[in-house]
Amino acid sequence: MADYVIAIDQGTTSSRAIVFDHSGSIVSTGQLEHEQIFPKAGWVEHDPNEIWNNTREAIGQALSKANLTRHDIAAIGITNQRETAVIWDKNTGEPVYNAIVWQDTRTQDIVDRLAADGGVERFKKTVGLPLATYFSGTKIVWILENVEGVRERAEAGDLLFGTTDTWVLWNLTGGTEGGIHVTDVTNASRTLFLNLETLEWDDEILAAFNVPKSLLPTVKSSSEVYGHADSHSLLRETPIAGILGDQQAATFGQAAFDKGEAKNTYGTGNFLIFNTGEDIIHSDNGLLTTIGYKIGDQPTHYALEGSIAVTGSLIQWLRDNLGLISSAAEVEELARGVEDNGGAYFVPAFSGLFAPYWRSDARGALVGLTRYVNKGHIARAALEAIAYQTAEVLDAVNADAGVDLTELRVDGGATANDLLLQFQADILGVPVVRPVVAETTALGAAYAAGLAVGFWKDTDDLAKNWQEDKRWEPSMDKDERDRLYRNWKKAVTKTFDWVDEDVN
């Protein structure tokens with residue numbers, strides 16, 4: 001009998017393959033980073049072929065490190081950066097353009113054009129999302145309108161669209177030789193095209209965007225057998241049985257299966273998801289309504305989400321653009337060299353502001369500077385920015401849900417930073433809890449796949465695997481917390497209205 005499940009985690013900065021055992025523990029990992037391509041200010045792209053090649057190599061690394069073969073693997077799960085858009089030729093397998101990444105802001109003119117009739121919430125009642133550059137629908141339109149010959153090829157039925165889960169799945173199941181063109185409900189709910197109630201592509205919205213329906217993948221649940229790895233794969237004949245967008249996967253991996261449970265992932269951006277059960281709740285406070293998960297034929301679970309564009313990528317920016325640190329781990333040591341932020345606040349609105357503001361006209365700002373401020377204060381201000389942005393999203397969740405969270409479960413790479421998580425607890429005023437397995441995104445995809453093939457029995461079986469690793473209790477005086485948070489909100493206002501006709 002196969003004793004393991006493998007998850008493919010196709011993220012914003014890297015592609016990974018992680019093998020898990022029945023207890024949800026990591027057995028081995030393969031990982032390769034891919035290039036971040038910045039053709040212009042506000043433009044962010046990836047090479048889809050590099051992503052696919054890295055994914056194949058990561059699978060090989062993970063299997064070889066644990067001395068495993070395909071016979072040891074019960075199922076494959078996929079999780080992915082959600083709104084990043086790829087369009088490719090189904091006959092050649094070649095992308096027509098680079099993948100346009102979720103952080104990319106080039107489609108603001110398309111957003112404005114669509115919002116001219118009904119505002120940015122024109123389709124929100126149907127799809128749960130405002131019109132924004134964040135989502136993949138506007139990226140599809142940009143490629144159709146700006147890459148020569150693509151519109152004609154799309155309307156002829158020769159092209160396929162997918163977020164990166166669909167791109168990986170299509171290639172893994174044979175590509176031009178029978179590749180399966182499928183996505184799951186969680187990724188579909190991030191396009192601007194999925195009706196949240198019917199779980200089908202909305203024809204009226206597609207017409208408004210002028211996007212041919214033939215481009216779009218078939219929408220399936222998050223946990224079922226979609227197909228099998230093809231004969232060229234190291235995992236040939238292994239069922240691919242789970243797909244979840246990365247933030248929904250992290251929620252699943254945190255065993256936050258029930259209404260009222262939540263998690264916050266600290267990655268390239270931060271994403272707080274609050275499970276609303278089988279109820280579709282439309283936010284009055286700047287949050288997104290999205291699909292949490294759907295297991296086979298069971299009822300769909302919905303969620304409220306607060307999406308923050310720049311958190312972990314701010315630390316990368318300190319490393320790569322400023323050379324302030326040589327590795328992301330060094331930021332904590334640098335920040336610990338000072339007692340506080342020295343009055344400096346860093347608002348990283350590099351791609352505008354996401355939840356709860358949704359201000360595409362915002363740009364990053366470092367404010368409160370005096371001669372006293374040094375690089376330690378800037379490092380600390382960058383870490384604190386992650387916590388402040390999370391606090392603003394949590395305020396919105398509490399307002400929409402009508403009940404305050406009593407603790408916050410966290411995951412992702414930055415949760416290794418004790419200084420950050422202590423400040424997070426302090427600024428929230430509630431405990432912050434990290435699980436033993438912090439790689440909950442990949443774990444969630446593994447869980448979804450394992451459920452579909454009977455590797456795990458049910459969600460109760462999965463919940464037993466969750467274990468607390470460490471807890472941070474708030475220790476900051478309330479007056480100090482209020483003062484810092486008030487100054488943060490003042491700093492945020494300094495980023496508004498930066499972009500106009502002369503500035504991009």
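Student: How many aromatic pairs does a search of the whole structure find?

Tutor: The search finds 25 aromatic pairs, and bear in mind that this is a predicted model.

Student: Let's take Trp-167 and Trp-170. Why is this pair called stacked?

Tutor: Two values settle it. The ring centres of Trp-167 and Trp-170 are 6.4 Å apart, and rings pair if their centres lie within 6.5 Å. Their planes are at 15°, and planes under 30 degrees apart count as stacked. The pair is therefore stacked.

Student: Where do Trp-167 and Trp-170 lie?

Tutor: Both belong to helix H6, residues 164-172, and they are 3 residues apart, about one turn of the helix. In general, an α-helix has 3.6 residues a turn, so residues three or four places apart point the same way.

Student: What makes Trp-167 count as buried?

Tutor: Buried means under 20% relative accessible area. Trp-167 has 1% relative accessibility, so it counts as buried. Trp-170, at 3%, counts as buried too.

Student: And how do you know that Tyr-447 and Trp-456 are edge-to-face?

Tutor: Here the centres are 4.9 Å apart, which is again within the 6.5 Å limit. The planes of Tyr-447 and Trp-456 are at 85°, and over 60 degrees counts as edge-to-face, so that is the name this pair gets. Both residues are buried as well: Tyr-447 is at 2% relative accessibility and Trp-456 at 0%.

Student: What makes you say that Arg-409 lies over the face of Trp-466?

Tutor: Arg-409 is at 3.8 Å from the ring centre of Trp-466, and the distance cut-off is 6 Å. The definition also asks for a position within 35 degrees of the ring normal. Arg-409 is listed as lying over the face of Trp-466. Arg-106 likewise lies over the face of Trp-142, at 4.6 Å from the ring centre.

Student: Which residues of helix H2 are buried?

Tutor: In H2, residues 108-115, they are Ile-110, Val-111, Leu-114 and Ala-115.

Student: How do you know that they are on the same side of H2?

Tutor: They cover an arc of only 130° around the axis, which puts them on the same side of H2. The buried residues of H2 pack against helix H4 (136-146) and helix H8 (203-209).

Student: One last topic, then. What is the volume of the largest cavity?

Tutor: The largest cavity has a volume of about 80 Å³. Of its 13 lining residues, the closest to its centre are Ile-308, Leu-353, Phe-354, Ala-355 and Gln-389. Phe-354 also belongs to an aromatic cluster, together with Trp-102, Tyr-134, Phe-135, Phe-271 and Trp-358.

Technical notes
Residues are numbered from 1 along each chain as its sequence is written. This is a predicted model: local features need pLDDT of at least 70, side-chain atom pairs count only at pLDDT 80 or more; totals for chains, interfaces and linings use all residues. Side-chain values use heavy atoms; hydrogens and water are left out. Rings of Phe, Tyr and Trp (its six-membered ring) pair if their centres lie within 6.5 Å; planes under 30 degrees apart count as stacked, over 60 as edge-to-face and the rest as tilted. Helices (H or I, at least four residues) and strands (E, at least two) are DSSP runs, numbered from the N terminus. Buried means under 20% relative accessible area, exposed over 50%, partly exposed in between (1.4 Å probe, protein chains only). The arc is that of the directions from the helix axis to the C-beta atoms. Contact means heavy atoms within 4.5 Å. On a 1 Å grid over the protein atoms alone, a cavity is a set of points where a 1.4 Å probe fits but cannot get out, and a pocket is an open set with protein on both sides within 12 Å along at least five of seven lines; lining residues have an atom within 4 Å of a point. Grid points are joined across faces, edges and corners, and a volume is the space filled by probe spheres set on the points.
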